[in-house]
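Have the sequence and the coordinates open as you read.

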Amino acid sequence: MNRSITAFILCTNKDVAVKNAEKFKSAESVKDTIIVTDISASEYLPHYNYLQSDSITNTTVFKNIYSECNTEFFLLIIGDIEINIDKKALSIFTEVAKSSSAGLVYSDYYERLDNTTTEHPTIDYKKGSIRDDFEFGPIMFFKKDSVKKFFEQKINYNFAGLYSLRLSVSENYSVIRISEYLYSASKHDLRKSGEKLFDYVDPHNRDVQIEMEKAATFHLKQIGAYLLPVERDTNLDAEKFEYETSVIIPVKNREKTIEDAVHSALNQHTDFSFNVLVVDNHSSVSTTQILSDLEKKEEKLVHIIPERTDLGIGGCWNEAILNSQCGKFAVQLDSDDLYLNEHTLQIIADKFYQDRCAMVIGSYKLTDFNLKEIPPGVIDHKEWTDENGHNNALRINGLGAPRAFYTPVIREIKFPNVSYGEDYAAALAILREYKIGRIYEPLYICRRWEGNTDADLSIEQQNANNYYKDSIRTTEILERQKKNKYKSVQ
């Protein structure tokens, strides 16, 4: 059989590295098996091949992998994860890579934890799959020729080596998922989905994020989707409004939290008129009754029950912003969250006029249900810069809260009628054409509790959410390429 594969095992755990090396050394299609590690080679048995590096995340190690590879294909086994794979799976990887324009191939896989094995599906790679946490699984299979452009790059990263590698491959080659469970891997991240959400804004990861942004920005320039910052001011006097600001609260079945949220909005102190629009998406009797009772006592509260019964959160937002009582600035408040204090609305409105922008995004504090701060604490998105935040927004999964919109602009764009990523889609569309104002002091309390919709999602729901956001990014990249009149080489 043709030995057309070199297997590189990127691992910091000696025992796991040796186990994986043994399995791939015995595969008929594998010519060489090389352990890539930051551990001294002397700690291994002498009959293993090594590629020692101070880091297994930097650019140099992946360029060395390219140089060491003497086969048509190579695969990376990434992480301290024990892999079980048979020769049939390697044949499938090889055949897909040979019969297609793929530079990178990956697959679904099984996860093992204790004595339990579960399916771990992945999702298809799209033009917009440029977030740095896209999950390929622990095995990535490359056609060596597809890496040549990356090898010739002069840019060096300490942390973004693999990320920049796969972005470079995607610029001229397809990235193909095999929807078959081709191997099994030990499960290594046991956190719930809600606990992983904020990894990318953890201050301890700041240096990593800066490098990831540089790699993503370089990629956007390569594919003609990079945009210069918008400098023109937004005309904030285009229309007249009865209210300066409206707090928008979409809600469905939040009897435990909705009253707190509404009072948080009503208690704002401002030098302008405002109201609170609660879009009650056909909630349970108790939630609707709470709102009906509050509306009778609070003249600033507008309780809206849509005629349609098929609305997601985005559809509820559209009901609010298109309502005749919506103010000049529409400010978000989720039905289980709170404003930090009574000055939030004033600070946001002032920022609109200070920056003459079409959208303002604040910062928030993570707490438990009882308002006790929980890690990582304040989420301020300080990775944002006025020069490049609109480009980096395509890499990250969120932009912060509270989000506030200049109503004439958001009425033109509107929200997609979904219940996940609706605000992200709207924000990306605004970023393309308008200035954004950022507030880095916390204005908002985001309560994390078991009632949150993203507290503990199944892998299927996580995949659906990620696939949708990748679709949003794909649309946005195509719009930016069109704006730049870019002709794709693919």
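## Threonine 287

Setting aside residues up to four places away in sequence, threonine 287 touches Val251, Asn253, Arg254, Glu255 and Ile258 (contact means heavy atoms within 4.5 Å). The model is predicted, so local features need pLDDT of at least 70 and side-chain atom pairs count only at pLDDT 80 or more, while totals for chains, interfaces and linings use all residues. Residues are numbered from 1 along each chain as its sequence is written, and side-chain values use heavy atoms, with hydrogens and water left out.

Threonine 287 sits in helix α9 (residues 285-297); helices (H or I, at least four residues) and strands (E, at least two) are DSSP runs, numbered from the N terminus. With a relative accessible area of 0%, threonine 287 is buried (buried is under 20%, exposed over 50%, partly exposed in between, using a 1.4 Å probe and protein chains only). Its side chain reaches the backbone nitrogen of arginine 254 at 3.1 Å.

## Threonine 94

Helix α3 (residues 87-98) holds threonine 94, which is buried at 7% relative accessible area. A polar atom of the threonine 94 side chain lies 2.9 Å from the backbone oxygen of leucine 90. Beyond its neighbours within four places in sequence, threonine 94 is in contact with Ser4, Ile5, Phe73 and Phe141.

## Salt bridges

Side chains of opposite charge can pair when their charged atoms come close. Across the whole structure, a search finds 24 salt bridges (a side-chain nitrogen of Lys or Arg within 4 Å of a carboxyl oxygen of Asp or Glu). One of them joins arginine 395 and aspartate 132, at 2.3 Å from N to O. Arginine 395 lies in the loop between α12 (389-392) and β17 (403-406) and aspartate 132 in the loop between β7 (116-120) and β8 (139-143), so this pair ties together parts 263 residues apart in sequence. Arginine 395 is buried at 2% relative accessibility, whereas aspartate 132 is partly exposed at 25%.

Glutamate 171 and lysine 149 also meet in a salt bridge, at 2.6 Å from N to O. Here glutamate 171 is in the loop between α5 (161-170) and β9 (174-186), and lysine 149 is in helix α4 (residues 148-152), 22 residues apart. Glutamate 171 counts as buried at 5%, and lysine 149 as partly exposed at 30%.

## A network

Salt bridges also link Arg432, Glu476, Glu479, Arg480 and Lys482 in a network.

How values were computed. A polar contact is a pair of N or O atoms within 3.5 Å; within protein, one must be able to donate a hydrogen and the other to accept it, and residues adjacent in sequence count only if both atoms are side-chain atoms.
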